[in-house]
Amino acid sequence: MSNSFIAIIPARYASTRFPAKPLAVLGGQMVIERVYRQVTAVMPHVVVATDDERILSAVQSFGGKAVMTSEAHRSGTDRVCEAYDTVCRELGRAFDVVVNVQGDEPFIQRSQLEAIEECFQDSTTQIATLVKPFAKDAAFDTLANPNSPKVVLDDNSFAQYFSRSVIPYLRGVETSEWTACHTYYKHIGLYAYRAEVLHEITRLPQSPLEIAESLEQLRWLQAGYRIKVAQTDVETIGIDTPADLQRAEEFLASQQAH
C-alpha cells in the first residue's frame, strides 16, 4: 500500500516559556530552519504553519514553504489542519497522511520519520506517534517527571493510555528498581494522521481525560480512535526553554567534534 505524505511544522511566535523560539539561533541556523531541513531530507512536501509574519518571512528567507494560520487555534493539531487545507487548495491535490512535526525538534532523525511513515503500511492505522523506551538504569525521578508523558502499549503496538504519572504501577517493587524490572515508554511528540481523521479529531470537544492530564491525544483515545505507536532509540533534544537551547548547543558541538 503506497501512501502520499505531507509534513507540516506548526511554529508559534508567542511561546510562554520561550517567546520567538522558532527564530532562536542554534549553531548558526534558526531552530525552525534546522527542523525544516531535517524533514525535507526525508519528505518531499514540507510546510511551516505559523501565526506570525516574522516566522513566515524567516522561513521564506531560507527558501522554505510557509503558510499563515489563525492566531485563535487551541492546539498545534488545529493549526496543522488549517495549513493542510490551505496547501491542498494551493496545489490542487490532497495527501493520504499528514505528519505533524514539532517546530522545536531540530534534531529529529530520518529513522524517526520513516518509522512513523511505516505505521501507515497497515491500512487500519488512523493516527501514529512515536515512543522511546526509558533506559533500564534511568533514575525514578527521570521516569516520574510529569513533563515526560508515559505510554502503555497493547500487544499490537497501539496506545492504551498516555499519562504524566508513571504507568504501570509496579506493586511490591521498590521504585528504584522500576525501570530495571519493566520497560517504560516515553512519548515523543511526533504525530501523523490520515487526512480524513485529522479533520475529524479537530472537531472533537475537549474530553475529561484530556483536561485532567493536559494531553491532547487522550481526547482522541477517549473518542475511540486508535493510535499506532512506533519506537525509536534515538534521543533528541526538544527546545522548550532558553536552557534547552543551551543544552542543544552543547549537544551540537559534541556531534560536530566527532
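In helix 1, the residues V31, I32, E33, R34, V35, Y36 and V39 are buried, where buried means under 20% relative accessible area, exposed over 50% and partly exposed in between, computed with a 1.4 Å probe on protein chains only. Seven of the 10 residues of this helix, which spans residues 31–40, are thus buried, so helix 1 is largely enclosed by the rest of the structure. Helices (H or I, at least four residues) and strands (E, at least two) are DSSP runs numbered from the N terminus. The model is a predicted one, in which local features need pLDDT of at least 70 and side-chain atom pairs count only at pLDDT 80 or more, whereas totals for chains, interfaces and linings use all residues. Residues are numbered from 1 along each chain as its sequence is written, and side-chain values use heavy atoms, with hydrogens and water left out.

Helix 4 (residues 110–118) has Q112, L113, A115, I116 and E117 as its buried residues. The elements that cover these buried residues include helix 1 together with strand 1, strand 7, strand 10 and strand 11 (227–231), contact being taken as heavy atoms within 4.5 Å.

Empty space was examined next. Rolling a probe the size of a water molecule over the atoms shows where empty space is left. On a 1 Å grid over the protein atoms alone, a cavity is a set of points where a 1.4 Å probe fits but cannot get out, and a pocket is an open set with protein on both sides within 12 Å along at least five of seven lines, while lining residues have an atom within 4 Å of a point. Grid points are joined across faces, edges and corners, and a volume is the space filled by probe spheres set on the points.

The largest pocket has a volume of about 2000 Å³, and of the 50 residues that line this pocket, R17, Q102, D104, N147 and D240 are the closest to its centre. At least two lining residues are supplied by each of strand 1 (5–11), helix 3 (76–91), strand 7 (127–133), strand 10 (185–194), helix 9 (217–222) and helix 10 (242–257), with the largest share, five residues, coming from strand 10. The lining of the largest pocket divides into 13 nonpolar, 20 polar and 17 charged residues, with Ala, Val, Leu, Ile, Met, Phe, Trp, Tyr, Cys and Pro counted as nonpolar, Asp, Glu, Lys and Arg as charged, and the others, Gly among them, as polar.

A search of the whole structure finds one cavity of 30 Å³ or more, and the largest cavity holds about 70 Å³ of space. The largest cavity is lined by V101, Q102, E105, I108, Q112, L130, I188, G189, L190 and T236, and strand 10 gives the most to this lining, with three residues. By class, the cavity lining has five nonpolar, four polar and one charged residues.

Rings of Phe, Tyr and Trp (its six-membered ring) pair if their centres lie within 6.5 Å, and planes under 30 degrees apart count as stacked, over 60 as edge-to-face and the rest as tilted. Nine aromatic pairs are found in the whole structure. One of them, Y191 with Y193, is stacked, at 6.3 Å centre to centre and 15 degrees between the planes, and both Y191 and Y193 are buried. Y193 also forms an edge-to-face pair with W220, at 5.8 Å centre to centre and 80 degrees between the planes; this pair links distant parts of the chain, with Y193 in strand 10 and W220 in helix 9, 27 residues apart. Elsewhere, ring pairs link F140, Y169, W178 and Y184 into a cluster.

A charge sits over a ring if NZ of Lys or CZ of Arg is within 6 Å of the ring centre and within 35 degrees of the ring normal. R54 lies over the face of Y13 at 3.6 Å from the ring centre, and R93 lies over the face of F95 at 3.9 Å.

Most residues other than glycine have a negative phi, and most peptide bonds are trans. A cis peptide bond with omega of about -5 degrees joins I167 and P168, and P168 is found in the loop between strand 9 (159–163) and helix 6 (178–181). Phi of A20 is positive, near 65 degrees, in the loop between strand 1 and strand 2 (25–26), and A20 counts as buried at 18% relative accessibility. Phi of S157 is likewise positive, near 65 degrees; S157 lies in the loop between strand 8 (150–153) and strand 9 and is partly exposed, with a relative accessible area of 25%.
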